[in-house]
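Biologist: I am new to reading structures. Please take me through one, feature by feature.

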Amino acid sequence: AAKLQGVLTVLFILLAIMLMLEGIREGKVARDKTIAMMIIFAFNILFWMFFEQAGSSFTFLADNIVDRNLDGFVFPTAWFQSVNSIAIIVFAPIIAYVWVMLGRRNVNPSIPRKFGLGLIGNALAFGLLMYALSSLVDNSGKIPFWTLFMVYVVQSVGELCLSPIGLSMVTKLAPTRLVGLGMGGWFLSTGIGNNLSGMFASHVSGESGLSVASALDGYTFGFYSLLGAGIVLFLIA
C-alpha cells in the first residue's frame, strides 16, 4: 500500500503541474478555477480516506464489537455492505429535490459548500461512533446494532452531497483543453483516498486487531479531521 501510495502521489503531482500550467496559460480566471479544483481534489482524498472505512475497519468493528443479535437473529456482518446502497436509493431523490427547491429560491449551496456538507456529514458518522465507543459499550464489550447501521446511513447522505457533483465540478473548473485530464484527476484523487483508507484501517486495527480503545482513538481522529476540513471548506467557499 505504501509503494502504491508513492506511485499515486507522483501521478497526482504530475497531473496537478500539467493542469496548473494550462490554467496559468489561459489567464487569471482559468488559473483561479484550477487552483479551486485542486483544493477540492485534496478534500476529496480526505473524504474517501475515511468514507471507505465502511468496507474495511467498519467490517472488523461489526464482526467483533457490534452486538448483531436481534432477538435471536444474528445479523450477518456482510449485510452491512448493503446499507449504503439502500440509503442511496432512498435518499438520492430527497437530496436532489432539496437542491432543486433551494435553487428555485436562489439559495442553492455552491459546489465547495456542498463538498463541505459532505465532509461534515461524514464527520457526524464518526462522531456517532465516538459516542458509541465511549458511552454505549456493554458488559460484553459491544456497542448497539443501531449505531453502526446509522453510521452507514449518515455516511451515505454525506456521500450524496459530494460524490454526484464531482465530474460536474471538473467541467466547470478545469482548463478548457484539459477537461478530460481534470476528470482523470478527480478519479485519481478518489483512488488515492481509497488507498489511504486501507492504510488507515491497518493503523486502527494495530498489531493485535481492532479493539474498542484502538477504534475509539482512530475514529476520534477521523471525526476531527473531517469536521475541521468541512468547516474550513465551508468558510473559504
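Modeller: Start with Glu22. At 7% relative accessibility, Glu22 counts as buried, because buried means under 20% relative accessible area, exposed over 50% and partly exposed in between (1.4 Å probe, protein chains only). This is a predicted model: local features need pLDDT of at least 70, side-chain atom pairs count only at pLDDT 80 or more, and totals for chains, interfaces and linings use all residues. Residues are numbered from 1 along each chain as its sequence is written, and side-chain values use heavy atoms, leaving out hydrogens and water.

Biologist: Which residue forms a salt bridge with Glu22, with closest N and O atoms 2.8 Å apart?

Modeller: Side chains of opposite charge can pair when their charged atoms come close. A salt bridge is a side-chain nitrogen of Lys or Arg within 4 Å of a carboxyl oxygen of Asp or Glu. Here Arg25 is the partner of Glu22. Arg25 is exposed, at 53% relative accessibility.

Biologist: Where does Arg177 lie?

Modeller: Arg177 also forms a salt bridge with Glu22 (3.0 Å, N to O). Arg177 sits in the loop between H7 and H8, and Glu22 in helix H1, 155 residues apart. Helices (H or I, at least four residues) and strands (E, at least two) are DSSP runs, numbered from the N terminus.

Biologist: How many salt bridges does the whole structure have?

Modeller: A search finds four. One of them joins Arg31 and Asp32, at 3.1 Å from N to O. Shared partners link Glu22, Arg25 and Arg177 into one network.
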